[in-house]
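Hi,

Here is the model I promised to pass on.

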Amino acid sequence: MKLIIRNAKIIDPQSTFDTQIVDILIEDGSISKIGTALPNTDNTEELKLENLHVSQGWFDSSVSLGEPGFEDRETIANGLKVAAKSGFTAIALQPNSFPVIDNQSQILFVKNKANGSATQLYPIGALTKGSEGKDLAELFDMKNAGAVAFGDYNKSQDNANMLKIALQYVQDFDGLVIAFPQDEKIKGNGVVNEGVVSTRLGLKGIPNLAEELQITRNLFLLEYTGGKMHIPTVSTAKSVQMIRDAKAKGLQVTASAAVHNLVFTDEKLEEFDSRFKVSPPLRTDIDRKALLDGVLDGTINMITTDHNPIDIEHKKMEFDMAKNGTVGLESAFGALLTILPLEIVIDKLTAGKATFSIVSQPIAEGSIANLSLFNPEGKNTFSTASILSKSKNSAFLSMKTKGKAYGIYNQGQLILAD
């Protein structure tokens, strides 16, 4: 495919064309020429979009798609189309399917399902067999099959020795351990953040301590073993500070925050709307602002949508019984621009590749064309029509957003939102 992208403003600090408005000629999936007013002598297809901006392809470090086993929630094929139209050229797929992705054959299955898609799929292998926390899964075999990290989605490792062994073992092949931080005993039967709102609504609370205690333990283990650890979807102010301190000590730890935890607080729970039931729970505004500070100073390396489609039978029900999770790919860019500068948003949507050992290239002549296309201006309202996923459990419905994702160019394909 040959394509000329016209009048695109490049947002890429690694590129010599950063902040410049240029034309980009793409041939056979690579950028062959960047310049102004590039000639079109052979009727090459051209792409012209209002206030078009281009960056390196966005990467989401936590996406659940259901398949295999929960295709009623989402399929890999449709999920990757949703990601592409939302501006993401790559996603890390969580292992929380049925069966759980805990062996080489399951890694190969989901990778094969993604063949031919414009958005690339990088599987996360389960850390333990069946994500049950009892025995380590086939980590080395999964790594060889293409797993980029190992973790049990939204499940903490209660056995400290198991996590210690995992951190030691994966160092032989430069593996990454994902350690979800939540002490299940302290969480108990909690369903929302413990605080004024939970007390007023009569809902059982999950104290910040449940997350912070687990992070403290996990960081001690990392300091003892060495290796690399990723702490996903942190949600409290103290968690951010502990990770900041750990980085200052030289530990190889990275962290992410979910879009919904950066945008919303537990005040959203006033109407017992299960769309806002997520894990970790929405916290207070003090915590939310601390997360934003962590994003700005680099303590939080990346922002994830933590996209998790849930079918209506398990979501639209009594709050206590509803499953945790919200879809977030479609709303991520527009929601983030309401709270963060464009350059920070792009940085946090691309920086995660390095943590997961995914190669990226600056926007330059000779580079593979792996591009996200977007307009950072304009106001919109996120509606049901904006949800492209099979499941419609979005916490962002009716939110006023800014800008829009046009789509992507990747894998030799141009995919645009409708």
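Below are my notes on its pockets and one surface patch.

This is a predicted model, with local features needing pLDDT of at least 70 and side-chain atom pairs counting only at pLDDT 80 or more, while totals for chains, interfaces and linings use all residues. Residues are numbered from 1 along each chain as its sequence is written, and side-chain values use heavy atoms, leaving out hydrogens and water.

The largest pocket has a volume of about 720 Å³ (on a 1 Å grid over the protein atoms alone, a pocket is an open set of points where a 1.4 Å probe fits, with protein on both sides within 12 Å along at least five of seven lines; lining residues have an atom within 4 Å of a point). It is lined by 31 residues, and Asn 96, Tyr 153, Asn 154, Lys 155 and Lys 323 are the closest to its centre. That lining has twelve nonpolar, twelve polar and seven charged residues.

The second largest pocket comes in at about 420 Å³. Of its 19 lining residues, Glu 330, Phe 382, Ser 386, Lys 404 and Ala 405 are the closest to the centre. Strand β17 gives the largest share of this lining, four residues (strands are DSSP E runs of at least two residues, helices H or I runs of at least four).

Now the surface. Phe 140, Ile 165 and Tyr 169 make a nonpolar patch of about 250 Å² (patch residues have over 30% relative accessible area and no salt bridge, with nonpolar side chains joined within 5 Å). Ile 165 sits in helix α4, residues 160–169, and is partly exposed at 36% relative accessible area (between 20% and 50%, 1.4 Å probe, protein chains only).

Cheers

Conventions:
Patch = residues over 30% accessible without salt bridge, like charges linked within 9 Å, V, L, I, M, F, W, Y side chains within 5 Å. Areas by Shrake-Rupley, 256 points an atom, 1.4 Å probe, with all protein chains shown as cover. Salt bridge = Lys/Arg side-chain N within 4 Å of Asp/Glu carboxyl O. Points joined across faces, edges and corners; volume = space filled by probe spheres on them. Nonpolar A, V, L, I, M, F, W, Y, C, P; charged D, E, K, R; others polar.
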